[in-house]
Every structure is written in structure tokens, then in C-alpha cells.
Amino acid sequence: MKLLEHEAKAILKERGVAVPPNGGVIAKTAQLSAALKRAGKAPWVLKAQVLAGGRGKAGGIKLAKTPKEAAVLAKAMIGMDLITHQTHGQAIKVKELLIEGGVKIERELYFSVVMDRKAAAPAIIASAQGGMEIETLASEKPEAIIRMTVDPVVGLRDFAARRLAFALNVPNDRVGEFAKTAKALVKAFIDLDASMLEINPLILTPKGVMALDAKVITDDNALFRQPVLAKMKDHEATALENEAKAADISYVGLDGSIGCMVNGAGLAMGTMDTIALAGGSPANFLDVGGTANEERVTKALKIILKDKKVKAVLINIFGGIVKCDMIAAGVVGALKKIKLKVPLVVRLQGTNVEAGKEILRKSGIPVIQADELWDAAKKAVEAAK
Amino acid sequence: MAIILDKDSKIVVQGFTGSAGSFHAQQCIAYGTQIVAGVTPGRGGQTHLDRPVFNTVHDAVRSTGAFVSLIFVPAPFAADSIMEAVDAGCSVIICITEGIPVLDMARVKRYIQQAERGGRELTLIGPNCPGVITPGECKAGIMPAFIHKPGPIGVVSRSGTLTYEAVDQLTKRGLGQSTVVGIGGDPINGSSFTDILAKFEADPATEAVVMIGEIGGSAEEEAARFFKEKMTKPVFGFIAGKAAPEGRRMGHAGAIVEGGAGTHASKIAALRAAGITVVENLSEIGETVARARKPLAA
């Protein structure tokens, strides 16, 4: 789950990381003057609260020197369609602005913590060239990037934080403050079960160190022990994705016309690929899970069919933990409750496959059955035409 | 010969009396696997599936001589269970559990590295995987046994059901498997593709390997490098996720750690450049291997 800038900053502030004077989040221009007052003296910064990066260049971050200027900007920004290089050509509607007091920037650094798969540990990625997109920096000046692995049990040690400060040419009078901030950021990463925490830029002010922006992605597997995060809204998820999540179903909506229900994430991806290879396009990724029961199958089918783009449904189950007869019974049960208006292709393999096929045959439901995935994909593509 | 497990492997099941543990332990026993004990804290002294139940892995190992642990413990407690198995002296640990926090796995890896520095040899398979099967000898996992048959093809995969798909295709074309290993779909896992490829390369019973990867991370790219430098046996590779949307699971700074790797295109390119036979159509894995092994007479 990705946190919005203001959510991430609130969490970091509680953990001892300095952030700019906070005027709060506004959704209406009427809330602006109070927010400006809370943020303190001019100038102010108005920041669109969307998840995509690259907001500055796209017009999602503006500086206002007077309340009047702020009002004009706020009016233009609330409700604007933001297209950044990270939104893949699609516009994101700006619903909220974060209002902050301007701060004096002496230097901009880049600082992030990620989970390094290969090292099997958190890793700090930092650079003295902050503000720049890290991808750009990586391809143009890889030598300007510093990497440091962190022990997941201990966190960032004092000496390591100091080494980082000196490597980034932090002036002597702010090395202590930088080390404190770096340690707090790494601790936040660990305590929050984050998979990514990015501060770009982390700035040096004349007196200290401050997070001017904040991006946090959390590990959904750890939400059971993160009560605060678990209560937060997943801003990226669509209504259907949230509905699926509540039912413990892994679902991602896509643009195509063939709805998929598959068991296992790998096979779900492989099924999407096969549909694409057969000339169709998948409407979704859906992993019904390893312990799917009739209720889950019903729920999954309901979610797939709520997507109006769906012209055909392909159910592809390779029974391991999941038994094919149980899936078949689930499909039959679901179709007693849902009126199916599009063709349904079902491909069952693995545990109890014959019993599963028999249940489908006897049900009288018009199911197109297939034995092989390629055959199933071709039938689904044909049916969706 | 097989890699990781054979008919003599003695296995203790952690999370033995739970519903998943019970069901799958039973299936493994039916296959002929030597499940010799189970562990469920608080139920030591009982008998389950005709096997003794112990409170701790230490007790189970001491009483039965098991050196393999198969874990079905729920995600919040699974990392601790892996470390318990390490501490109890197990040399092979297979963790089926899905949904373990990534940070827990980072801590588990540290723990295993410490044990290895002390001279121990450890193999962790998983988590979030179907387990390991040596067809005809030993099944330690949740895979449907009947799709497998003994033979010369090694299979290694990040996904459970994709593995079944590939194995089914192989078996239907008369190609049996030496060992089938699910290394798991989590960002941090016990054994990498490279670890398993090295075992297959050294295994006289394995003649060719099917490797099934997916988008994210750089394990496939590293495996490609290993193949090029160290392997003599042919490898057939499939990568899932060509049609998957970008950016939903990968953070930006994460992409940089991998050095631009992690996309479907980059993995396919790495495999091809190394000389691995790339299979584009999931449905053609079995056929591709079969064709390569029986070249048409001129």
C-alpha cells in the first residue's frame, strides 16, 4: 500500500523527522485561509496529494507568496487533472492539497530505504544530488549514488549514519542532525514494515535536516501487526480492488475484455499472458487463493462480472491445495445466485479434475470446457468477440 | 539420486495438527514420504496421523532423527518456526506458508547466515511455495502428486500452480522429473534459482532443467549468468507477467537496486543472451523440451 505525502510525513514527524510547517490538507478553497494561517508566514507551498511522482514538473506543486496568489492557485489545482511521467499517460484527479510553509533550502539530498532482495536486507540508497529523479541519476551518474545495507535486526548504527553523512558531504555542523534523521528514517522503515521509504529531497536547512517530501510503500503481508496502517485507506485501489481485498482475493483491474479467475499468482499472470498471446486482452488479474471455497469463488465471479468491460470469463484452475470439484461446485453455486450474461470458459486440471468436470457437465450450466490452457484461451478470445 | 530429498529423507511437520498441515501431511504419507513426527506446541505426547506429536522441533529431531522440516505454520509465526528448525539442527527446511512479512524473512536470512558461518550446511526452500517433490521417492509439499513421474527433467519455479502446469505438460509428453522445486514467490526467499540450478547441474539424474520465473527482482538474470558461466546441461526458461501492468508492485527506488532489471523484457533478454531456450507460450513448455530432446532425423 502506498501512503500519500501528508500521511507519510505525519508518521515520520511523530518519529522525530523534521518536516516543513504543516498547514493541513484542504479539499475546498474555503479551507485555504485557515490552512495558510496554520502553516505560518509566507511563502507557502501548495502540493497536490496524489500517489504519482514527478508532480513538480506537471504543475502539481506551486509556490505562493501572497494569500491572494495562494487562492488563485488552490482554485486551479483542486480538481485539476494531473499527468506526470509516472501516470502512464493517464490523468489523475487532484482531490486534496497539502499546504506547507516554505523553508530555506541550502542543499538537496536524495535518501531512500528499500528492501534489497539480493542482500535480503534493507538498503539505504543516497545521493548528494537530491531533487533529481533517482532513475535519471542512476543512468546518467551512477557513481553519485551511495548504497549501504542495514542489519534488519539492529538498524542503522551510529558510525554507519556518520559515514553516510560524510560521504554526502554534509557540513560538520549538521552531521549530528543528519545522523539522527537517517537513523530515524531507517527505524521508521523497519517499525512500519515498509518495503520502500523515499525522501526526495532530504534537505539541509541553515540549521538542520528536513524531509521536504516523503513516499512510503508498506508491506501488505505485515498489516496484521500494523494496526495504524491497517486502518488507513489504500488510495491506489479501485472500489472493486477493495471489495476483492476484503474477501481475501488478490485482484487487479486491467483494460481488457476477458475476466480471469485463476488459482496462484504465477498461473494468474501466465493465464493473462496466454490470453494476450491468443489475441485477446485480460480484464483483470485474479488469484482466488490456495484455500478457495464456494463463497470465495462466488465473490470472485461477482467481482469479475461487475467490470462492465468483461465480454467473456475464463476460469483456469490447476488443483493443488484447491480441489477442482470444490471449484466446480463453487461455480455452479455462484451461477445460481448470479445471472451470467457472458460466455464462461472453464479449464480444470489437477486434484479431483474428473469429479470437477462431471459437476459442471451435470449442472446444465452452459459452460465451455477446455482441457489445455492454450485451447481455453483461444475459446475465451473467440467467445469475447 | 535426486536433489534435496530422496526416499530416505526423514521429515518432521511443523504445524502438524492444523487443517492445512493435517491434510497435506496425510497426502505426503500416502505418497510414501517418511513423515516421522509432527510439532504443535502444547500437544506434545499426543499421536496424530499415527505419528508422534512433539512440543518443540528440538524434541522431534532428538527422538526421531528427522533432518528435514516441512512448515505449515500461519504467517505471523512462520519466521519463528523456520528459526526453530534451524536451531534444532534441521539441514533442509521447506516452508509452505504464504504471507510472511518481508522483514521477517530478512531476519530469517540473517539467522541462517549466522548458522552457516558456524559451519552448518542449510537449505531453506520457500516460503510461499509448493515445496519439493522427488517423483517416486518423496513428496514434501502441497503439489498434486499424480501429475508427476520419475525422469530426467529438473524443474524449478517461483510459482506453485505454474509449476503444476509445466510438470503436467512434461509428464503428458513422457518426460518425467528428477526433482521439482518451488522456490516461492516472495521477494526474499531461502533458495534462489541459482542455488537450485547448481544442484541440478551436479545431479547425475538430471539431464535438462525447466526454469519458471516471473517479473520482479533479478533472480532470473542472476540464474542466466550462472547458466552461462557454470552450466553444461540445457535449461528451458519461461517468464510469467508479460501482460502484467508495470508499477503496481515495484517501487521506484526498488527498480534502481535491481539496476534496471525486473521487467519481463529484461529477463527474457538476459535468458536469451545467456543461451537459455526461452519458451514464450506457457502452453508449449512440455512440447519445447520434448522437441529439443528428440531432434527430428534429417
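Predicted model: local features only at pLDDT ≥ 70, side-chain atom pairs only at ≥ 80, totals over all residues.

Residues are numbered from 1 along each chain as its sequence is written, chains are lettered from A and ligands numbered from 1 in the order in which they are written, and side-chain values use heavy atoms, with hydrogens and water left out.

Chain B is divided into domain 1 (10–125) and domain 2 (143–293), with bounds that come from an automatic or database domain assignment. The C-alpha centres of these two domains of chain B lie 26 Å apart, and nine residues of domain 1 are in contact with eleven residues of domain 2, where contact means heavy atoms within 4.5 Å. The size of an interface is often given as the accessible area lost when the parts come together. Between domain 1 and domain 2 of chain B the buried area is about 840 Å², of which carbon and sulfur atoms give 62%; buried area here is the accessible area (1.4 Å probe) that two parts lose on being put together, summed over both. Of the area that domain 1 of chain B buries against domain 2, 47% is supplied by B:V102, B:K109 and B:I125, more than by any other three residues.

Across this interface of domain 1 and domain 2 of chain B the rule finds zero salt bridges, a salt bridge being a side-chain nitrogen of Lys or Arg within 4 Å of a carboxyl oxygen of Asp or Glu. It does find three residue pairs in polar contact (both at pLDDT 80 or more) across the interface of domain 1 and domain 2 of chain B; a polar contact is a pair of N or O atoms within 3.5 Å, and within protein one must be able to donate a hydrogen and the other to accept it, with residues adjacent in sequence counting only if both atoms are side-chain atoms.

Which elements of domain 1 of chain B each supply at least two residues of the side that touches domain 2? They are α4 (102–117) and β7 (123–125) of chain B, and α4(B) gives the most, with four residues. Helices (H or I, at least four residues) and strands (E, at least two) are DSSP runs, numbered from the N terminus.

The contact between the chains takes 55 residues from chain B and 61 residues from chain A, and the area buried between them is about 4700 Å², with 63% given by carbon and sulfur atoms. The count between chain B and chain A is four salt bridges, and the side chains of A:E372 and B:K172 meet in a salt bridge at 3.7 Å, N to O. Eleven residue pairs are in polar contact between chain B and chain A (both at pLDDT 80 or more).

In chain B, seven strands form an open sheet of mixed pairing in the order β9-β8-β11-β10-β12-β13-β14, where two strands pair if DSSP finds at least two bridges between them. Because β9 (138–141) and β14 (277–278) of chain B stand at the edges with a single partner strand each, one side of each is left without a neighbour in the sheet. Strands β10 (residues 150–157) and β11 (residues 177–182) of chain B pair in the parallel sense over five bridges, and the bridge partner of B:V155 in β11(B) is B:V180.

Finally, in the backbone of chain A, a cis peptide bond with omega of about 0° joins A:A42 and A:P43.
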